[in-house]
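Subject: Structure for you to look at

Hello,

Here is the structure I said I would pass on. Please open it beside this email and follow along; my notes on what was found come after it.

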Amino acid sequence: MALSSRLFSKSKLIYGCQILLQKEHAIPVRHFAKESAPPALKGDEMLKNIFVEVKNKFETAIGILKKEKITIDPEDPAVVSHYAKVMKTIREKASLLPESQDILSTIEIETQDIPDARTYLLTLKEIRVKRGLTDDLGAEALMIDALDKVEKDLKKPLLRNDKKGMDLLLAEFDKINKK
C-alpha cells in the first residue's frame, strides 16, 4: 500500500486505469490524460480550403501572365486576338469560368431538382438578385404572367416534365419575345 501511494503521489502524469490493492478489496482508480486541442471547426476548414483554391488559381494566372507578353492596343486586331487567347488560356488553366458559364452552371445546379415551372422561375429570380443582375426589360414579370395564363388554361400547376404544358409556355414566351 505504501509503495502504490508513493508512486501515485510522485507521478503527476498517470494515464489509463489502475487498480490499487488494499488488503482483500480492489479499489478502481481512474486517471485521465491531458485535455487535447479542440478539433478544427468545419467552417474554418472550409474557409482554409477556399483560400487555398483561390490562391492556387491566382498563382496559375500570374504564372501564365509572367510568361506571356501582352501589348495593349485596341486598334490592332492581332494584339486583341493574342490578348483574348491569353485570357482564355488563363481561364482554362486556372479553372475560371466566364461569368455567363458560371451563371449557367449555377442555374443548372440550383434548379436540377425543381419539379414545377413556378418554383423554377422564382429560383431564377433569386439567382439574378444574388448576382446583382437587373431586369431592365421586366421579362420576369412577363414570364410569370405567361405562366399564370398557361396554368389557368391547364387548370393545374405546370410541371417541368409536362411536355404539352411546357410547349404552351414556350409558345407564350415566343409571343413575349416578338413584342
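Lys55 and Glu59 form a salt bridge through their side chains, with N and O 3.8 Å apart. A salt bridge here is a side-chain nitrogen of Lys or Arg within 4 Å of a carboxyl oxygen of Asp or Glu. The two residues are four apart in helix H2, which means about one helical turn separates them. Helices are DSSP runs of H or I with at least four residues, strands are runs of E with at least two, and both are numbered from the N terminus. Lys55 is partly exposed at 39% relative accessible area, and Glu59 is also partly exposed, at 44%. For these words, buried is under 20% relative accessible area, exposed is over 50%, and partly exposed is in between (1.4 Å probe, protein chains only).

Before going further, note that this is a predicted model, in which local features need pLDDT of at least 70 and side-chain atom pairs count only at pLDDT 80 or more, while totals for chains, interfaces and linings use all residues. Residues are numbered from 1 along each chain as its sequence is written, and side-chain values use heavy atoms, leaving out hydrogens and water.

The pLDDT is the predictor's confidence in each residue, from 0 to 100. Its mean over the protein chain is 81, and 77% of the residues reach 70 or more. Over residues 12-23 the pLDDT is below 50, and this stretch has 26 contacts in the model beyond near neighbours in sequence. A contact means heavy atoms within 4.5 Å.

Back to the salt bridges: the count by the rule above is eight. Another of them joins Glu53 to Lys57, with the closest N and O atoms 3.3 Å apart. This pair is also in helix H2 (residues 42-67), four residues apart. Glu53 is partly exposed at 44%, and Lys57 is partly exposed at 23%.

Where do Glu140 and Arg128 lie? Their side chains meet in a salt bridge, N to O 2.7 Å. Glu140 is in helix H6 and Arg128 in helix H5, so the pair ties together parts that are twelve residues apart in sequence. Glu140 is buried at 18% relative accessibility, and Arg128 is buried at 19%.

Next, the core. A nonpolar core is a set of buried Ala, Val, Leu, Ile, Met, Phe, Trp, Tyr and Cys residues joined through side-chain atoms within 4.5 Å. The largest one has eight residues: Ala117, Leu121, Ala146, Leu147, Val150, Leu158, Leu169 and Phe173. H5, H6 and H7 each supply at least two of its residues, and H6 gives the most, with three. Leaving aside neighbours within four places in sequence, Ala117 is in contact with Leu147, Leu158, Arg160 and Leu169.

Which residues of H4 are buried? They are Ile103, Thr106, Ile107 and Thr111. They cover an arc of only 105° around the axis, which puts them on the same side of H4; the arc is that of the directions from the helix axis to the C-beta atoms. Helix H5 (117-131) is included in what covers them.

Last, Lys155 has a positive phi of about 60° although it is not a glycine. Lys155 lies in the loop between helix H6 (139-154) and helix H7 (163-178), and is exposed at 74% relative accessible area.

Regards
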